[in-house]
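This report looks at helices, their packing and a few backbone details. The sequence and model come first.

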Amino acid sequence: MTDASGIYVGLMSGTSLDGIDVAVVELGGAAECPDPARLTAFKSLTYDRDFRDRLRAGLESGDPAELSDLNFELGERLAAAVVETLISADLKAADIAAIGSHGQTVWHRPPADGRNGATLQLGEAAVIAERTGIPVIADFRVRDVAAGGHGAPLTPYFDRLLLTGDEGRAIVNLGGMGNVTALPPAGSADQPVAFDTGPGVALIDGAVRHLTGGHQAFDADGRIAATGRELEPDLAQWLADPFFDDPPPRSTGRERFGDPALARWLTTVESAAAEDIVATLTELTAASVADAFRWIPFGIDTVYLCGGGARNPELARRIRARLDPIGVRSVDELGWDGDAREAAAFALFARQHELGIPLDLGWATGAVGPRVLGKRVPA
């Protein structure tokens with residue numbers, strides 16, 4: 001197998017719609033598990049409010065013209081983010097082996113009732129390659145979906161290779177949606193498990209935007225939720241969604257737990273205090289994360305949080321309370337920047353594509369077998 005050692009760039013624009021994460025990762029060797037594997041640079045670039053609003057509107061109700069324009073504009077923004085990050089890291093395009101770009105999910109429908117799923121991401125790879133002069137591998141989800149999988153979550157592959165340890169670990173990512181990777185101790189006969197837990201911060205952020213007239217994009221430090229009390233009947237109503245009783249593999253997105261569902265609910269709680277509304281949605285995320293542990297068939301010693309929601313101390317506190325006595329810590333303690341994990345995963349996927357390594361993700365997505373993921377656009 002050809003050695004694909006080099007420096008790779010991973011790009012992530014997630015369901016939280018907050019911006020672009022760029023991870024520069026050194027990945028060595030030709031084996032499936034790279035050695036070394038280390039983060040050398042990371043930058044997070046926030047979308048301006050106008051673009052975020054246009055992106056959100058396009059994802060919810062965009063026509064073909066709007067989605068086409070967003071596809072190319074997002075490609076330009078992703079390329080600019082790479083260029084800015086490389087400059088700050090004192091790197092040139094010639095130093096980079098390839099870029100792995102997840103793109104921005106427009107639509108995600110899991111497989112059901114004997115029918116394959118469907119998934120679509122924006123962020124034109126050809127634009128990124130043209131502007132950076134670097135090969136780009138993108139569209140990772142679609143081959144998994146074509147193979148009968150959910151196409152999500154994908155980052156558990158990174159967790160299995162690089163975050164497995166001598167304890168039972170659960171990596172909980174709190175992005176727009178939440179997901180968990182459950183890793184048995186190294187050498188165990190148990191198999192890892194991964195799946196979406198439900199909403200992460202998408203509903204919380206959406207409610208804060210609505211309640212503050214757009215002046216706040218999220219609940220900073222969880223201060224709003226910390227002063228509120230859950231609306232118990234409404235929390236029970238959210239948790240009655242059939243999704244939470246679906247066994248893995250399972251995935252979800254804004255189609256189910258996004259602004260349309262939030263808007264319908266907000267019309268029913270117009271008289272409630274803003275603090276109670278945000279507290280209810282924060283508890284929904286905490287409760288759904290904790291409830292997901294019933295699908296993990298082996299013991300978990302420690303939970304490691306990552307993603308934007310991990311920086312919300314009130315959300316983290318509620319998750320700790322729900323999971324007690326299991327310890328809850330930060331992925332940073334495992335040697336990887338928790339904010340960079342998802343972007344770094346797509347740098348790894350770019351390397352695996354260049355090596356022609358099929359990714360065995362059936363345990364996370366339900367795909368029928370290992371597949372080489374991604375489509376390559378040359379420089």
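In which sense, left-handed or right-handed, does helix 1 pass helix 2? The crossing is left-handed, a term for the near helix being turned anticlockwise from the far one by less than a right angle, with clockwise giving right-handed.

## Basis

This is a predicted model, in which local features need pLDDT of at least 70 and side-chain atom pairs count only at pLDDT 80 or more, while totals for chains, interfaces and linings use all residues. Residues are numbered from 1 along each chain as its sequence is written, and side-chain values use heavy atoms, with hydrogens and water left out.

Helices (H or I, at least four residues) and strands (E, at least two) are DSSP runs, numbered from the N terminus.

## Helix 1 and helix 2

Two packed helices are described by the angle between their axes and the distance between the axes. For helix 1 and helix 2, the axes come within 10 Å and cross at roughly 140 degrees. Axes here are lines fitted to C-alpha atoms, for helices over the stretch in contact, and angles run from 0 to 180 degrees between N-to-C directions. Helix 1 and helix 2 are therefore oblique to each other. The classes are roughly parallel under 35 degrees, roughly antiparallel over 145, roughly perpendicular from 65 to 115, and oblique for the rest.

Helix 1 brings Phe-51, Arg-54, Leu-55, Gly-58 and Ser-61 to the contact. Helix 2 brings Glu-66, Leu-67, Leu-70, Glu-73, Leu-74 and Arg-77. Contact means heavy atoms within 4.5 Å.

Helix 1 covers residues 49-61. Its 13 residues should span 18 Å at 1.5 Å a residue, and the end C-alpha atoms are 18 Å apart, which agrees. The expected span is 1.5 Å times one less than the number of residues.

Which residues of helix 1 are buried? They are Phe-51, Arg-52, Leu-55, Arg-56, Gly-58 and Leu-59. Buried means under 20% relative accessible area, exposed over 50%, and partly exposed in between (1.4 Å probe, protein chains only). Seen down the axis of helix 1, the buried residues fall within an arc of 165 degrees, so they line one face of the helix. The arc is that of the directions from the helix axis to the C-beta atoms. These buried residues pack against strand 3 (37-46), helix 2 (64-88), strand 5 (104-109), strand 6 (118-122), helix 6 (202-211) and helix 10 (259-266).

## Helix 6 and helix 10

Helix 6 and helix 10 pack with axes 10 Å apart, at an angle of about 55 degrees. That makes helix 6 oblique to helix 10. The crossing is right-handed. On helix 6, Leu-203, Gly-206, Ala-207, Arg-209 and His-210 make the contact. Their partners on helix 10 are Asp-259, Leu-262 and Leu-266.

Arg-209 sits in helix 6. At 16% relative accessibility, Arg-209 counts as buried. Leaving aside residues up to four places away in sequence, Arg-209 touches Arg-56, Gly-214, Gln-216, Ala-217 and Asp-259.

Thr-282 belongs to helix 11 (residues 274-291). At 0% relative accessibility, Thr-282 counts as buried. Not counting residues up to four places away in sequence, Thr-282 touches Ile-204, Ala-225, Leu-315 and Arg-318. Ala-344 is 62 residues from Thr-282 along the chain, and their C-alpha atoms are separated by 27 Å.

Helix 13 (residues 341-355) has 15 residues. From first C-alpha to last it reaches 21 Å, close to the 21 Å expected at 1.5 Å a residue. In helix 13, 13 of the 15 residues are buried, so it is largely enclosed by the rest of the structure. Just after helix 13, Gly-356 takes a positive phi of about 75 degrees.

## Loop backbone

Which bond is cis, with omega near 5 degrees? The peptide bond from Asp-35 to Pro-36. Pro-36 is in the loop between strand 2 (19-27) and strand 3. The peptide bond from Asp-324 to Pro-325 is also cis, with omega near 15 degrees. Pro-325 lies in the loop between helix 12 (313-323) and strand 12 (327-330).

Asp-90 has phi near 60 degrees, a positive value in a residue other than glycine. Asp-90 lies in the loop between helix 2 and strand 4 (96-101) and is exposed, with a relative accessible area of 72%. Asp-113 has a positive phi of about 55 degrees although it is not a glycine. Its loop runs between strand 5 and strand 6. Asp-113 is exposed, with a relative accessible area of 83%.
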